[in-house]
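Look at the model first, then read on.

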Amino acid sequence: MASLCSVPVAAFVTTVFMALLLLALHPTEAQIGVCYGMNGNNLPSEQQVVNLYKSNGIGFMRIYGPDQAALKALQGSGIKLFLDVPNEQLQTLAHNPSQASQWVQNNVVPFASSIRYIAVGNEVQDSDKPFVLPAMQNVQNALINSANLGGQIKVSTAIYSAFIANSFPPSTSVFNDISFMGPIVNFLNSHGSPLLANIYPYFSYIDDEKDIQLSYALFTSPGTVVMDPYNRLPYQNLFDALVDAVYAALAKAGGPNIRIVVSESGWPSVGGDSATASNAATYYRNLINHVKNGTPRKPGQIETYLFAMFDENQKTGAATEQHFGLFTPAAFVTTVFMALLLFALHPAEAQIGVCYGMNGNNLPSEQQVVNLYKSNGIRFMRIYGPDQAALKALQGSGIKLLLDVPNDQLKNLANNPSQASQWVQNNVVPFASSIRYIAVGNEVQNPDKPFVLPAMQNVQNALNSVNLGSQIKVSTAIYSAFIANSFPPSNGVFNDISFMGPIVNFLNTHGSPLLANIYPYFSYIGDETHNPLSYALFTFPGTMVIDGNNGLKYQNLFDALVDAVYAALAKANGPTIPIVVSESGWPSVGGDGATASNAATYYRNLINHVKNGTPRRPVQIETYLFAMFDENLKTGASTEQNFGLFTPGQQSKYGPLSFGS
């Protein structure tokens, strides 16, 4: 659906509709964007639209062509963009590399910091199909050669369900034109790009209401509706079945690890069978809540773009085409909707996990620990090795895991691919639904550094062999000592680029984050003259540091440390790699500034702060607090034993903390 939009001017602002959405929409960890279609003569100005996105915390936008007014309004907004090459421009860009280069120079380079994806064509039909791949290649080459943006901005194309044949059951699906899609899949593989897919349960439902129940399309079926007989995966909603059909087609075309971004999905509120405000509310509400979990075939968050921001009164086709909007043009400033989307699209809490260290002889059992996580609403855990009792206790808990390959196993996994495969079979496959990341080494020093990248590659290959390569992200955990010239933050560089450069390339290729252990405490005690305690504890009353290179202002040391890593990534050709803060904490005993009061202040302020991001990257930061317990067998400074949020007796040291919803 090229650029739909909907919501009846009257019906979509009814009290009943608002109540339905407000009761059911919940914060989600998935990245949710909204498509900004412009096929209307009564729409707000581009600047008003950008302001509306910002006021509702909508951090991602798709537009269907390089509208200059919209691109200029987006500058400095913090909103990330998915930009289309319109279908009518495909032939020109396919036949003329110089035109593709000019298109990139005019429409991408000035706005590059905002752009995540370029969709070269949307639901392209037969007459234009021959131009898609050459246009993709020419745009990609222009990004690389003339703008040095090839690693930052991903080039793809947007398909829809009509490109899939044999979609029932999902595992039998194939692309119905493999001569067209096969080379595109090869391109996506080569450049680490996702496939963009427009997924509309609504159209599948109205095409076959006899066999497809409305509840199956609206995510409201009470149980399994379809059991795929070939892989025994159960389907409770049509959205999952449609997405997994595309995943199955990708796998058969040589792209089993290609990620899908749902580039459009929506439900109309007027104009056709079951096109009601109530059904649209139910669909959007449930979609937003659902995509944080992924599909039966590919559990894990699905980046998803709702279609669309506004009803569009100049769209042609069925009457429903004009009514896919979340907002009516006339009611675009509705206060209730602002509150609604703020809660639905921009969670109030960032993803907060806690590291579970086991260096103590007085700690609770693994099952007790998992129960303690659950009772405190802690949904993310890091463990520093594949402890089988902990892994088994986690099964069925809903807690997601960051799992380490211990440093003492790096050499073995680097030198022996079969050992890496066995490690994955033993420690990952049985627990795969819980695992988000594998940290191949933690703060690795010489002489183990040469083993890190080969071990990462072998673990990645082992994951690929069991179809987990796109679900579980492989990385390694660094710390601030890996960064040189960290003041001001924009000067940050990796102090061993021969080690980190290839790792950054790996992360770019596989879409993995860099894991970084960030400790303002250690920076503070290392230089108390220049780092006031208040700067380390998030309590400094104003700007402490202005970065002279970019004018960014720093009010706390955590942001400065994180942005120094972002600066180093950018200089190593990884400007879009996200950072997951894999450890951060403050000790309560044993050194300068190590008091229970300071630790409580640090943890509370950190949890509250990371939902906003840093001056350089103002987006939520997934963060793991260090650590769950005081650990009485840790060696080193006496502070090392006193980073726990809880005592071994399972008592909170700092009272209730808000770990997120």
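Which residues in α5 meet which residues in α6? Pro97, Ala100, Ser101 and Val104 in α5 meet Asn138, Val139, Ala142 and Leu143 in α6, where contact means heavy atoms within 4.5 Å. This is a predicted model, in which local features need pLDDT of at least 70 and side-chain atom pairs count only at pLDDT 80 or more, while totals for chains, interfaces and linings use all residues. Residues are numbered from 1 along each chain as its sequence is written, and side-chain values use heavy atoms, with hydrogens and water left out. Helices (H or I, at least four residues) and strands (E, at least two) are DSSP runs, numbered from the N terminus.

**Helix pair α5 and α6**

- Helix α5 covers residues 97-107 and helix α6 covers residues 129-145.
- The two pack at an angle of about 55°, with axes 8 Å apart. Axes are lines fitted to C-alpha atoms, for helices over the stretch in contact, and angles run from 0 to 180 degrees between N-to-C directions.
- α5 and α6 are therefore oblique to each other. Angles under 35 degrees count as roughly parallel, over 145 as roughly antiparallel, 65 to 115 as roughly perpendicular and the rest as oblique.
- The contact of α5 with α6 has 6 nonpolar, 2 polar and no charged residues. Ala, Val, Leu, Ile, Met, Phe, Trp, Tyr, Cys and Pro count as nonpolar, Asp, Glu, Lys and Arg as charged, and the others, Gly among them, as polar.

**Helix pair α17 and α18**

- Helix α17 (residues 449-465) and helix α18 (residues 497-510) pack at about 15°, with axes 9 Å apart.
- α17 and α18 are therefore roughly parallel to each other.
- Lys449, Val452, Leu453, Met456, Gln457 and Gln460 in α17 meet Phe499, Pro502, Ile503, Phe506, Leu507 and His510 in α18.
- By class, the contact of α17 with α18 has 8 nonpolar, 3 polar and 1 charged residues.

- Buried residues of α17 include Phe451, Val452, Leu453, Met456 and Leu463. Buried means under 20% relative accessible area, exposed over 50%, partly exposed in between (1.4 Å probe, protein chains only).
- Their cover includes α15, α16, β16, β17 and α18.
- Helix α22 (residues 596-609) has 14 residues and reaches 20 Å from its first C-alpha to its last, close to the 20 Å expected at 1.5 Å a residue. The expected span is 1.5 Å times one less than the number of residues.
- Tyr602, Tyr603, Leu606 and Ile607 are among the buried residues of α22.
- The buried residues of α22 pack against β13, α19, α20, α21, β23 and β24.

**Backbone exceptions**

- Most residues other than glycine have a negative phi, and most peptide bonds are trans.
- The bond from Asn446 to Pro447 is cis, with omega near 10°. Asn446 sits in the loop between β16 and α17, and counts as exposed at 59% relative accessibility.
- The bond from Phe487 to Pro488 is also cis, with omega near -10°. Pro488 is in the loop between β18 and β19.
- Ser274 has a positive phi near 60°, in the loop between β11 and α11.
- Phe538 has a positive phi near 70°, in the loop between α20 and β21. At 16% relative accessibility, Phe538 counts as buried.
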